[in-house]
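Here is a short briefing to read with the model open beside you. Take a look at the chains first, then follow the notes by topic.

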Amino acid sequence: MSLLEVKDLAVHFGGVKAVDGVSFKVDPGEVFAIIGPNGAGKSTIFNLISRIYEPTRGTIHFDGRNITGLKAHDIASLGIARTFQNIELFDHSTVLANLLMGRHTHRSTNFVQDILFLPKVRRAEREHRRRVEEVIEFLELEAYRKKMIAGLPYGVRKVVEIGRALAIGPKLILLDEPASGLSVEETQDVAFWIEDMRRDMGLTVLMVEHDMSLVNQVSDRVLAVANGKPLAEGTPQEVQADPHVQAAYLGTPEEDAA
Amino acid sequence: MRIVFKTSYDRDIDLHEHGWSRAKIAVLLGIMILLPFLVGEYYLAEATNTLIWALAGMGLMIAVGHTGQVSLGHAAFLSIGAYTDAALMNAGLPFLVAFPAAGLVAGLFGAVIAIPAVRMSGIYLAIATLAVFVIVEELVILLEPITGGVGGTMAPSITFFGISFDRYGALQNFYWLILGVVALVTWGYANLMRSPTGRSFLAVRDSEVSARALGINVTRTKALAFGLSSGVTGLAGALMGHYIGFFNYELFSIFISINLLLVVTIGGLGFIQGAFLGAILITGMPQLIAIMRDGLNASTGIDLGSIPGLDTMMFSVILILFIIFEPTGLYGRWLKIRTYFEIFPLARRDMFRRQKSYLKTERMK
Amino acid sequence: MELLQLMIGGLANGCIYGLVALGFVLIYKASEGVNFAQGDMMMLGAFVALGLGNSAQMGLSFWLAVPIAIVIMFGVGWGVERVVVRRIFGQPQFALVILTIAMGFVFRFVAGSIWGYTPLVLETPFAGQNLRGGGIVISVSDLITIGVTIALTLGLWAFFAFTRIGLAAQAASQNQMAAYIVGVPVMRINSIIWGLSGAVATVAGVLYATRGAIDPNIGLLGIKAFAAAVIGGLGSLPGALLGGIIIGVVEPIAGRYAPGELAIMSPYIIMLIVLVTRPGGLFAQMHAKKV
């Protein structure tokens with residue numbers, strides 16, 4: 001059974017059909033990439049899955065459960081984590097605090113216990129910290145633990161955001177353009193991490209990406225979208241060979257037809 | 001620069017990173033406890049006032065500094081706290097019941113109004129709190145049987161376990177009582193900020209959309225933060241009532257709200273220490289101005305006392321200067337000075353330069 | 001008949017709230033900042049006109065004093081932006097809130113130092129003149145207030161809809177960075193808008209002063225005007241006027257038929273109801289943030 005199943009998803013903003021009838025399935029342990037030109041509706045699909053936008057029609061099933069009616073803050077505890085295209089970190093906190101915020105769904109204490117800082121809170125904090133340290137080690141963020149986000153280079157912030165998503169301990173991770181703005185070396189790191197997430201952590205990865213070398217390197221299957229509509233689905237090679245996809249990217253007259 | 005070797009996660013979880021900072025707090029607390037033996041009645045009363053303002057400042061800091069909710073109406077919660085405490089005590093309940101109840105009532109009221117208010121962002125919330133303030137002020141006048149209306153009401157003398165904590169009769173005891181309350185609240189606040197609840201406040205402050213993506217219920221978090229904020233402010237209000245003795249609605253004017261904002265902004269937003277520094281400034285300034293005014297009058301014959309509103313004017317100018325030149329407040333300035341000496345001579349001029357950010361529209365929320 | 005009489009007085013009052021609210025909206029439209037000193041700018045404008053026009057002061061003709069006051073207050077608004085507001089560009093929005101509250105206190109102190117704290121009356125050519133008809137008395141100053149308000153609102157609306165500066169100001173408020181890149185002189189426009197809101201505040205102040213005595217604390221009316229702006233939706237000029245009129249009309253009627261405290265509360269209760277039911281005001285301009 002597939003982990004994530006999106007069926008006939010559509011959202012209209014006013015008269016604009018940002019996403020119009022997109023369907024796809026992501027299997028457990030798979031790396032699935034969504035590609036498409038700017039404004040194709042890729043990020044919008046992410047925002048629909050993480051329930052920031054209300055779909056006009058269609059359904060989203062995760063792990064066999066219909067999540068279309070859930071609230072945005074209910075998604076993380078199901079095991080769906082995400083990153084944002086323009087980095088949405090907590091700028092005035094340290095890297096460590098940011099990663100610890102990713103552990104929110106695992107909190108076991110209420111605010112009264114927190115104010116009194118009962119031994120239970122300390123035990124829970126140790127456990128949160130231990131889990132976060134695993135993420136820090138995995139992403140090699142040791143040097144930045146106590147650094148404020150606001151002063152960090154772009155590339156590091158990008159990695160911290162992936163780290164925060166991993167701290168949730170998700171089954172599915174949504175990466176919104178993980179390589180945008182990164183150098184060739186940094187992009188290569190991201191590629192290795194995605195491989196490791198899948199292989200060592202058993203994660204399923206759904207990503208939106210422009211960098212075709214990254215897509216080719218890591219993804220099992222690719223969905224190409226343009227103008228909110230699906231164009232083609234298959235292996236990276238199949239999709240890139242598809243005439244509709246080539247037309248959408250190169251902008252031949254066929255674009256309008258697609 | 002101090003290097004701390006950490007051998008366990010507890011070193012990061014503890015309130016103090018190293019024994020030295022723990023010792024400093026202990027010394028400070030020791031001096032505060034011994035203060036009644038060090039200064040006279042007048043300055044002890046002033047110190048009491050400062051502690052009450054620090055408590056109120058901490059209350060507002062939770063909302064403004066740590067959750068990013070600006071409130072222009074926190075005097076309303078001072079007022080609710082003061083009247084609840086006085087009314088319950090006048091009805092015969094002991095202080096030990098009336099005081100927590102005052103905090104609870106103010107906190108619940110804050111949380112209840114926060115639930116619709118959290119749907120609003122930034123500026124709208126500030127305005128809504130202003131409206132709530134005006135409504136509470138008028139309600140206080142309307143509810144004459146409880147509040148004494150325009151005439152005002154009396155906060156009775158505090159006595160428990162057979163000990164008097166009267167503001168005038170036993171000022172030392174009254175001071176220690178307030179010191180104890182402030183110390184407890186500070187401890188609880190510091191605990192909050194190192195726990196998941198405090199982190200969720202910061203998350204909501206810095207990015208609502210990613211807070212949601214991490215599973216944080218933004219509405220509930222904001223309501224909780226605002227409730228805690230108004231609860232602590234309510235406690236401060238109850239103590240303020242006892243400090244003043246006899247009071248009416250005029251004690252909790254809009255200017256008190258503004259002064260509270262001044263406390264947290266000048267003190268340093270987002271730092272518990274900032275509430276204390278701000279409180280020292282706001283209660284110390286009138287003293288300082290008075291001394292300067294007398295000195296000026298004696299030496300030059302210029303009588304500044306004849307100019308009404310000079311205090312407020314000077315507060316305002318200081319506030320403007322702080323916002324323009326040191327938006328991180330007194331505590332932020334202190335951190336910079338400390339870092340400068342810790343890493344001396346490695347500090348660079350632009351080390352603390354703020355990142356230029358451009359205004360993003362709040363209509364896109 | 002009594003109700004009608006109350007409503008006409010309320011309408012004129014509401015126009016003044018509306019005009020102060022327009023000042024809020026102007027600045028909000030251009031820079032998304034809120035000027036909490038708007039009420040105090042109104043107060044200062046009224047006093048400047050009074051200082052120029054009253055016979056005991058400089059003694060200029062009313063028709064000369066008011067335009068000069070408007071020009072002076074344009075300069076004050078412009079200067080405030082240049083000297084103070086510009087420096088906190090890029091800081092969080094509430095920094096401006098606190099800054100302008102503090103500036104309001106400074107204005108109040110300045111006015112109090114110059115003109116004192118006892119209420120003063122602005123001398124006008126139409127003081128005390130009334131029109132009567134059908135059992136209703138309408139004062140000329142009420143009529144002028146209503147007329148000027150309508151004209152000014154239309155003028156400002158045209159300014160934002162048709163002039164280059166107005167359009168540029170709107171663009172700047174959507175995204176300052178983008179506007180800056182495409183060549184909108186964001187800074188200069190902000191200065192002009194602040195000047196403009198100072199001028200509008202002066203008109204409001206003079207109209208207020210034609211209807212009663214003024215003292216340095218009338219600026220607190222700004223809070224009520226603020227409620228008006230919020231009821232209308234902070235970004236909307238006609239909304240501000242409508243909000244002002246709603247408050248102006250409800251207030252005296254509530255005062256007539258309910259306890260006085262309730263009348264004082266009424267603007268804020270209306271505002272809270274609007275905020276809860278329509279968080280962006282009656283003419284909302286809210287969209288979802290793009291992530």
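How far apart do the C-alpha centres of domain 1 of chain A and domain 2 of chain A lie? They lie 27 Å apart. This is a predicted model, in which local features need pLDDT of at least 70 and side-chain atom pairs count only at pLDDT 80 or more, while totals for chains, interfaces and linings use all residues. Residues are numbered from 1 along each chain as its sequence is written, and chains are lettered from A and ligands numbered from 1 in the order in which they are written.

**Domains of chain A**
- Domain 1 covers 1-79 + 170-258 and domain 2 covers 91-168, with bounds from an automatic or database domain assignment.
- Their contact (C-beta atoms, placed from the backbone, within 7 Å) takes 10 residues from domain 1 of chain A and 8 residues from domain 2 of chain A.
- On the domain 1 side, the touching residues divide into 6 nonpolar, 3 polar and 1 charged; Ala, Val, Leu, Ile, Met, Phe, Trp, Tyr, Cys and Pro count as nonpolar, Asp, Glu, Lys and Arg as charged, and the others, Gly among them, as polar.

**Confidence in chain A**
- Mean pLDDT (the predictor's confidence in each residue, from 0 to 100) is 88 for chain A, and 97% of its residues reach 70 or more.
- Over residues 254-258 of chain A, pLDDT stays under 50.

**The sheet in chain A**
- An open, mixed sheet is formed by 6 strands in the order β6-β7-β8-β3-β9-β10 (chain A); strands are DSSP runs of E, at least two residues, and helices are runs of H or I, at least four, numbered from the N terminus.
- At the edges stand β6 (80-82) and β10 (229-234) of chain A, each with a single partner strand, so one side of each has no neighbour in the sheet.
- Strands β3 (residues 31-35) and β8 (residues 204-208) of chain A pair in the parallel sense over 4 bridges, where pairing requires that DSSP finds at least two bridges.
- Within that pair, A:Ala33 has A:Met207 as its bridge partner in β8(A).

**B:Thr283 in chain B**
- Chain B has 15 helices and 4 strands, and B:Thr283 sits in helix α13 (residues 272-300) of chain B.
- Why is B:Thr283 buried? B:Thr283 is buried because 20 other C-beta atoms lie within 10 Å; the cut-offs are 20 or more for buried, 12 or fewer for exposed and partly exposed in between, with C-beta atoms placed from the backbone.
- Not counting residues up to four places away in sequence, B:Thr283 touches B:Glu46, B:Asn49, B:Thr50 and B:Trp53.

Terms used
Contact = placed C-beta atoms within 7 Å.
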